[in-house]
Amino acid sequence: MLTLAHLSDIHIDGTPRSAERTRAVMRHLESLPGPLDAVLVTGDIADHGAVEEYETARDLLASRFPTVVCPGNHDARAPFRKVLLGEGGAGDGNDPVDQVLRLDGLTIALCDSSVPGRPEGFLQDETLAWLDAVLAEDPGTPALVGMHHPAVALGVPYVDEIGLRAPERLAEVLRRHPRVVAVLAGHAHTPASTVFAGLPLLVAPGVVSTALTSAETAERVPIDRELPPQIALHVFDGGRLTTHVRPVL
């Protein structure tokens with residue numbers, strides 16, 4: 001059995017508030033009495049894509065657990081790659097930042113769905129080819145595929161307007177690889193579960209804030225900044241993924 005902590009949207013912006021909420025989450029994970037096998041962070045690490053924000057995030061996200069991160073729409077690929085991954089001068093600095101973490105019995109592939117300068121998501125041909133190759137490597141091992149932007153509408157109009165474009169391109173790759181157990185995402189700042197390409201699609205809550213549904217608010221930007229940060233804990237038993245959502249008080 002594997003347990004994965006899934007957090008998203010920490011939006012480090014140079015203020016004490018975003019840093020303290022992220023620090024509280026990481027302190028909580030480090031204090032867990034049971035085993036934790038990995039930490040996944042699905043995007044919007046920085047709020048403005050600044051080097052200084054990534055330097056702060058790097059220190060805050062430092063952990064004794066294996067950690068894998070992918071960019072979101074607020075991130076900038078070149079400083080993300082340089083500061084968080086220690087990879088300077090890769091390509092033109094703006095190539096997709098796709099990451100894979102291989103655990104004993106589970107592969108986690110995080111795709112870069114960010115579009116430089118745009119809020120919506122899109123998976124470039126390069127990323128889809130990379131994902132196809134990763135999933136073809138060890139067909140007997142279950143896999144999770146993650147990215148920042150959810151591939152389907154979640155019923156939060158503000159979020160749905162800037163979701164993943166052309167999701168059928170991703171669905172085509174996923175259907176070629178029955179080893180995929182579920183798809184993970186962030187971006188929405190709310191825990192949500194739905195279905196995409198016949199698979200569970202599990203959206204992590206936000207650390208910096210929580211988005212509300214239309215039934216909960218009439219605001220166009222439906223953000224509650226007072227609710228505590230939340231995380232998802234995914235428990236994988238070898239064939240099924242079960243998700244628990246926890247506030248960090």
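In this predicted model, glutamate 30 and arginine 64 form a salt bridge, with their closest N and O atoms 2.8 Å apart. Glutamate 30 belongs to helix H1 (residues 16-31) and arginine 64 to the loop between helix H2 (51-61) and S3, so the pair ties together parts that are 34 residues apart in sequence. Glutamate 30 is partly exposed, at 28% relative accessibility, whereas arginine 64 is exposed, at 55%.

The whole structure holds 13 salt bridges, including those tabulated here.

| Salt bridge | Closest N to O distance |
|---|---|
| Glutamate 30 – arginine 64 | 2.8 Å |
| Arginine 220 – glutamate 161 | 3.2 Å |

Arginine 220 is exposed, with a relative accessible area of 55%, while glutamate 161 is partly exposed, at 40%. Arginine 176 is likewise partly exposed, at 44%. Salt bridges with shared partners also join Glu20, Arg23 and Arg27 into one network.

Five strands form an open sheet of mixed pairing, in the order S3-S2-S1-S12-S13. Strands S3 (67-70) and S13 (241-247) stand at the edges with a single partner strand each, so one side of each lacks a neighbour in the sheet. From one strand to the next, the twist averages 20 degrees. Strands S1 (residues 2-7) and S2 (residues 38-42) run parallel and are joined by four bridges; valine 41 in S2 is the bridge partner of leucine 7.

Technical notes: Residues are numbered from 1 along each chain as its sequence is written. This is a predicted model: local features need pLDDT of at least 70, side-chain atom pairs count only at pLDDT 80 or more; totals for chains, interfaces and linings use all residues. Side-chain values use heavy atoms; hydrogens and water are left out. Two strands pair if DSSP finds at least two bridges between them. Helices (H or I, at least four residues) and strands (E, at least two) are DSSP runs, numbered from the N terminus. Axes are lines fitted to C-alpha atoms, for helices over the stretch in contact, and angles run from 0 to 180 degrees between N-to-C directions. A salt bridge is a side-chain nitrogen of Lys or Arg within 4 Å of a carboxyl oxygen of Asp or Glu. Buried means under 20% relative accessible area, exposed over 50%, partly exposed in between (1.4 Å probe, protein chains only).
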